[in-house]
Amino acid sequence: MSNILVVGGGGFIGSHMVQMLGRSGHDVRVLDNFSTGYRDAIGGAKLIEGDLGDESLLDELFRQHPVDAVMHFAAHIEVGESVRLPSKYYRNNFVNTLHLLDAMHRNGVRRFIFSSTAAVYGMPQTVPIPEDHPLRPINAYGRSKLAVEEMLADYQVANQLNYATLRYFNAAGADPQARLGERHEPESHLIPLVLQAASGQRESIAIFGQDYPTPDGTCIRDYVHVEDLCAAHELALQRLLKDEPGGIYNLGNGQGFSVREVIDVVREVTGRHFAVVEADRRAGDPARLVADSSKAMRELGWNPRFADLHSMVAHAWAWEQKQVAAAG
C-alpha cells in the first residue's frame, strides 16, 4: 500500500482515480478547493480542503502526512474561457503547479503524475498524432499545460523529480456502475451535451460545421473512457513507485468518431429522438484529432477496456439518468 495525494480529486477524472486507487488498496488523500469539483465524489478518501496557491498549507500537508506520489488533476480545462481569461489559466494551471512542485521538493516528495492534454499539439500536422509531434498550442489552456511540461523537465534535472506526463485526448464515459460521472458547470463536452438533449435537459444539439474533409463532413475526435484513463495513471504510478523512469504518453483509442457518429450512437443507446441544429464552423476546430497511443501500450502495458463508443455512451447515459432523477 502506498500513500497517494490526489490533487483535484473531486473532479471528473480525479474522482474516478480516487475510486480506482482505493480499490487497489492505496491510502488516498485528496486536496481540493471544490471550485469545480464535488465533495460527494471523493467517497471515503481522506480530505484536505484547500488551494494549491496556499504554500503554507502544502508544507503542512507534506510534513504531517507521508506521501509517496502526487497525482495532479486540478486544472482549469475550458478552451474558450482560456482565450477570454488567460490569467485565470496561467495562475491556476502553471503558477499553482509551481507552488505544488516546490512544496514537494522542500519536503522530499519526488514522484509526480501530471494530467496534460492533446491541446499542447495545436493544429495537427500528422494524424494519428505521436508524442514527438511539434508542440504548438493555439490557446492559453494548451500553452499553460505545455509550460508545466517544460517546467517538469527542468525540475527533473535540478531536483531529481521522477514524473509521468499523460496527454489526454477526449475523456468520456462514466463509472460503469454510475457512481460517478461528468458534472461540469457549464458542460462543454460533446457526449454529455448530446445526452442532455436526449434526456430533455436541453432543447437541441448543434453540429458546428458539416463540410470538413471527413467521411460525413463533421469533425472527428478520439474519445477515451475515463476508466481507461485512470488505468493508465495507475500503470504509470506503478512504474514510479518502483523508481523506474516515467515518460510522456498520449492517451486515446487511436480511432476517431465523428460528431454525427456520436449523435447516432446516443440515439441508439437511449432510444430517444432530439433536435439537431447545423451551425457554422468554430474557429480553430481541426477536422481530425486522433492519438497514436502505441507508446503507452508498449511501455506501460496499457490496454483500454472500453474502446467502443457504445460503452462510453451507455455508461455516461446511466449517469445522466441518475442525475436527472436526483434533480426531480
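**Close-up 1. Side-chain directions in strand 1 of the predicted model.** Asn3, Leu5 and Val7 point one way from strand 1, while Ile4 and Val6 point the other way. In a regular strand the side chains alternate between the two faces of the sheet. Each of these side chains belongs to a buried residue, where buried means under 20% relative accessible area, exposed over 50% and partly exposed in between (1.4 Å probe, protein chains only). Because five of the five residues of strand 1 (residues 3-7) are buried, the strand is largely enclosed by the rest of the structure. Helices (H or I, at least four residues) and strands (E, at least two) are DSSP runs, numbered from the N terminus. The model is predicted: local features need pLDDT of at least 70, side-chain atom pairs count only at pLDDT 80 or more, and totals for chains, interfaces and linings use all residues. Residues are numbered from 1 along each chain as its sequence is written, and side-chain values use heavy atoms, with hydrogens and water left out.

**Close-up 2. Pairing partners of strand 1.** Strand 1 pairs in the parallel sense with strand 2 (residues 27-32) over five bridges; two strands pair if DSSP finds at least two bridges between them. Within strand 2, Asp27 stands opposite Asn3. Strand 4 (residues 69-72) runs parallel to strand 1 and is joined to it by four bridges, with Val70 opposite Leu5. Together with helix 1 (residues 12-23), strands 1 and 2 make a right-handed β-α-β unit. A crossover is right-handed if, with the strands pointing away from the viewer, the path from the first strand over the helix to the second runs clockwise.

**Close-up 3. Two aromatic pairs.** Rings of Phe, Tyr and Trp (its six-membered ring) pair if their centres lie within 6.5 Å; planes under 30 degrees apart count as stacked, over 60 as edge-to-face and the rest as tilted. The structure holds two such pairs. Phe112 and Phe114 have ring centres 6.4 Å apart and planes at 15°, so this pair is stacked. Phe112 is buried at 0% relative accessible area, and Phe114 is buried at 2%. For Tyr121 and Phe169, the centres are 6.4 Å apart and the planes lie at 35°, so the pair is tilted. This pair links distant parts of the chain, 48 residues apart: Tyr121 is in the loop between strand 5 (111-117) and helix 5 (140-159), and Phe169 is in the loop between strand 6 (162-168) and strand 7 (170-172). Both Tyr121 and Phe169 are buried.
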